Amino acid sequence: MFAISLQADSAPVRVIFDTDMGNDVDDALALGILHALESRGEAKLLAVTVTKDNPYAAAFVDVIDTFYGRGKIPIGIVKGGKTPQDSPMIRVPSERKKPDGSLVYPRRMALGAAPDATSVLRQTLAQEKDASVVIVQVGFSTNLARLLDSRADAISPLSGAQLAAQKVRLLVTMAGHFPPAEPEYNVATDIPSAQKVFAEWPSPVVFSGFEIGQALLFPARSIEQDFSWAPEHPVVDAYRNYMRMPYDRPTWDLTAALYAVRPDANYFSLSPEGTVRVDEKGNTLFTASPGGKHRYLILDEAAKARTLEALILLASQPRSSVR
Ligand SMILES: [Ca+2]
């Protein structure tokens, strides 16, 4: 059994969110869900690290954090990473201005000012208690692979692999396809990093495969109705700039965020223990083996309606008045 199921206390889950913000709109909804869970006292967002190498990816994370009243959360971004291309869903809201020229969505950092993600990961982990951190990885494995490769430095005398082993109790990742169908985007975009992370990561890993989010569509109707408490909402703005409305979108990254904070809520069931191997094409091949560190989420037909309702309610939850 995983230790995660045996937790008796109700302390907030301490989360690092690692995202390719800008490549699909589910990253924005997932970050909103983590903020809603923090407002409920269930989670604590320690840092956000970005694997999309475009300055607006960090800027838009900054926009969302600031919108939820948590603009001081550290943000790091990959340097020399994947998918640098422009994305209106992050650029347009980040640059939107009022008639007086000020930003509609204020943010803390200047464009391009976010520090290197590996340093932010090392810094964040070094400050945390042993076996306390849950990492939610919903983009490529670039940042976590670089963390594993990192050496002792001024931040910590521990290597990245040692920091991961000491500080992280669970990695939840939106990655792969179970059973394998075709290479999944997050894995296929940086195959060597995915191979490294899933072969070497020291903690238990839970995968939310492509098929999970695909089976739970976030409804356009919710975007149009449930967020009206905020006349300007950056996640809604991102949604409207990602594709032509109205459209329903798979909840891939949302499912990883939800499971990471509420693993015992029976939104999903789990595969047996085993090992996921990433082949040269980016397929994720699972082999069951007692004591294996990897499991993947399974969505039971009877759980679908309740799980989707939780995702919608949390994503659209009004900001806490407590800052
Ligand atoms: Ca993503």
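Valine 134 stands opposite leucine 170 in strand 5, in a model that is predicted rather than determined by experiment, where local features need pLDDT of at least 70, side-chain atom pairs count only at pLDDT 80 or more, and totals for chains, interfaces and linings use all residues. Residues are numbered from 1 along each chain as its sequence is written, and side-chain values use heavy atoms, with hydrogens and water left out.

## Paired strands

Strand 4 (residues 133-137) and strand 5 run parallel and are joined by five bridges; two strands are said to pair if DSSP finds at least two bridges between them, and both strands (E, at least two residues) and helices (H or I, at least four residues) are DSSP runs numbered from the N terminus. The parallel pairings are set out below.

| Strands | Bridges | Residues opposite each other |
| Strand 4 and strand 5 | five | valine 134 and leucine 170 |
| Strand 5 and strand 6 (residues 205-208) | four | leucine 171 and valine 205 |

Strand 5 (residues 168-174) is mostly covered, with seven of its seven residues buried, where buried means under 20% relative accessible area, exposed means over 50%, and partly exposed lies in between (1.4 Å probe, protein chains only). Strand 4 is likewise mostly covered, since five of its five residues are buried. From strand 4, Val133, Ile135 and Gln137 point one way while Val134 and Val136 point the other way. In a regular strand the side chains alternate between the two faces of the sheet.

## The calcium site

The calcium ion is coordinated at 2.3 to 2.5 Å by Asp20 (OD), Asp27 (OD), Asp27 (OD), Val138 (O) and Asp253 (OD); donors are N, O and S atoms within 2.8 Å of the metal (3.2 Å for Na, K and Ca), and the site may look incomplete because water is not among the atoms. Along the sequence, the donor residues of the calcium ion are spaced D-x6-D-x110-V-x114-D. Aspartate 27 lies in helix 1 (residues 26-39) and valine 138 in the loop between strand 4 and helix 5, so the pair ties together parts that are 111 residues apart in sequence. Aspartate 27 and valine 138 are both buried.

Asp253 is also among the buried residues of helix 12, including Trp252 and Leu254. Ten of the ten residues of helix 12 (residues 252-261) are buried, so this helix is largely enclosed by the rest of the structure.

## Helices 4 and 5

The axes of helix 4 (residues 117-127) and helix 5 (residues 142-149) are 9 Å apart, and the two helices pack at an angle of about 65 degrees; axes are lines fitted to C-alpha atoms, for helices over the stretch in contact, and angles run from 0 to 180 degrees between N-to-C directions. The contact (heavy atoms within 4.5 Å) involves Ala117, Thr118, Leu121, Arg122 and Leu125 of helix 4 and Asn143, Leu144, Arg146 and Leu147 of helix 5.

## An exposed proline

Proline 179 is found in the loop between strand 5 and helix 7 (185-189), and counts as exposed because its relative accessibility is 64%.
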